[in-house]
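Hello,

Please find below the structure we talked about. My notes on its cavities, pockets and confidence scores follow.

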Amino acid sequence: MKHRALLVAVALLLPGGAAMAQSGPWGPGADDAAFAQMLKTSFKGRGVATLDRLNQDETQVFCSDPETVYAPESAARREEIEKVNLASVKWPADGVWLGDWKEGEKIAQSGRGNTWTDKPEQVNGGNCYNCHQISAEEISHGTIGPSLHNYGKLRGTDDAVMKATWAKIYNSKSNNACSNMPRAGHMGILSEEQMKHLMALLLDPRSPVNQ
Amino acid sequence: MHQASTGIAAFLAAVAAVTVAHAQMDNPQAGIEAYREALQDGNPAELHEMAGEELWTTPAGPKNASLEQCDLGLGPGVVKGAYARLPRYFADTDRVQDLESRLLTCMETLQGKDPKVYIDASFTAPPKEEMNALVAYLSGQSRDVAVTVTPEHPKERAMYELGKRLFFFQGGPYDFSCATCHGQEGTRIRMQDLPYIPGHEGAAAGWTSWPAYRVSNGQMWSMQWRLNDCFRQQRFPEPIYASDATIALSTYIAANSNGAVMKTPGIKR
């Protein structure tokens, strides 16, 4: 997370940042200075949830303004953001895409990690079921994201599918600038090994997802 | 104060059995529906309301005064309908305040208490138990009253806009904002329905039902506690109790709910 250098306040002093922020829909009294001041006085770091989490990167700055995000004139900016995020994707070092789907199921189930009540040494979960239907047996699933049931069965398992799925999990913003999905690899939430297990959950023909 | 705490403890023990029974049901939604029915003439929040009323009327603090002369916006001592008009601007503090920050003001000015003790205490520690009981009582005094939060004063309008901006502000390792979970119609996290807070209906569903008694853990949660736990799930740093960020969000949600009828204190999963 070293690259997350843009302080809200600092970002807004940059010419590009200022233009972007001012085009926002915020009404009287919610100007950049007042907003930065409110953030500064309202939070305290606790456990792993340190104050630097309020420092946005350029993707977060752009995606925090709902009126410009999907405006036609933002198309070029969205593309730029997707490019930056795609460039951050690290591909599996050994060229192997799939791990063990059983491990993947556990990671998809776990929502643990990164809150101020979580311990730094504990293994993070993927939170996938919080937002997605995945295997049909698990009925307690969220609906913020689309169903991933039959994911591999529907798409096949050629290299293009592997690559696209890896990129999606590693950095969800690589093909959708303001996706609601976290950037699991890019933000260091999941390890390469964990992401391979999730790949297997979605793409291994033996996984219950594809039965 | 002692009496109130003992009351809360005894009552928590009494509901533990019910809570366990509920936890064993396989369908959480059906569970809460059944539980709601069973409790129709007795939300356990009532015991917290009683404890809160006692805290309100009992002299305490270095000045050995009660809170009865506290001005919640409708004049000193007026509690009926006051919660339904909060957050609002207060001239004496020159701030927009929600119920909890306003209570801290009264505890300091009337009773001579140090607000810091209440701000810093964890939500399950005795000072916060007092706050949670007080909001249970005061929110009950606005039950069936229509929310009237229409930002007019420049500081109220600023708070509303700050709250709106914060609602969409993404940060942290998961890029979450409030809008990630509450910015679309009809979504859920696991089995929990997520209200669409930018709209009237979703905002009102949340605003008019908190503070609430939580069946799953037997705790009485204030709105500050609710927001605190959402920030935790958002992977943000912890909001300071009664800070401007929390009041701004409450102003945004309350104003979006304007006109809806208070059902407080509520009962939740």
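A definition is needed for what comes below: Ala, Val, Leu, Ile, Met, Phe, Trp, Tyr, Cys and Pro count as nonpolar, Asp, Glu, Lys and Arg as charged, and the others, Gly among them, as polar. Please keep in mind that this is a predicted model.

With those classes, the lining of the second largest pocket divides into ten nonpolar, seven polar and one charged residues. This pocket has a volume of about 370 Å³. Its lining is made of 18 residues, and the closest to the centre are Pro66(A), Tyr70(A), Asn180(A), Phe168(B) and Ala179(B). Two helices, α5 (66-69) of chain A and α8 (178-182) of chain B, each supply at least two residues of that lining.

Next, the cavities. There are two cavities of 30 Å³ or more in the structure. The second largest cavity has a volume of about 60 Å³. Which residues line the second largest cavity? They are Tyr83(B), Asp98(B), Leu99(B), Glu100(B), Val135(B), Trp207(B), Met223(B) and Ser250(B). By class, five of these are nonpolar, one is polar and two are charged.

Last, the confidence scores. The model has an ipTM of 0.90 and a pTM of 0.91. For chain B the average pLDDT is 90, and 85% of the residues score at least 70. Over residues 1-26 of chain B, pLDDT stays under 50. For that stretch of chain B, the model has 28 contacts beyond four places in sequence.

Regards

Technical notes:
Residues numbered from 1 in each chain as written. Chains lettered and ligands numbered in written order. Predicted model: local features only at pLDDT ≥ 70, side-chain atom pairs only at ≥ 80, totals over all residues. Heavy atoms only, no water. 1 Å grid on protein atoms, 1.4 Å probe; cavity = no way out; pocket = protein on both sides within 12 Å on 5 of 7 lines; lining within 4 Å. Points joined across faces, edges and corners; volume = space filled by probe spheres on them. Helix = DSSP H or I, 4+ residues; strand = E, 2+ residues; numbered from the N terminus. pLDDT = per-residue confidence, 0-100. Contact = heavy atoms within 4.5 Å.
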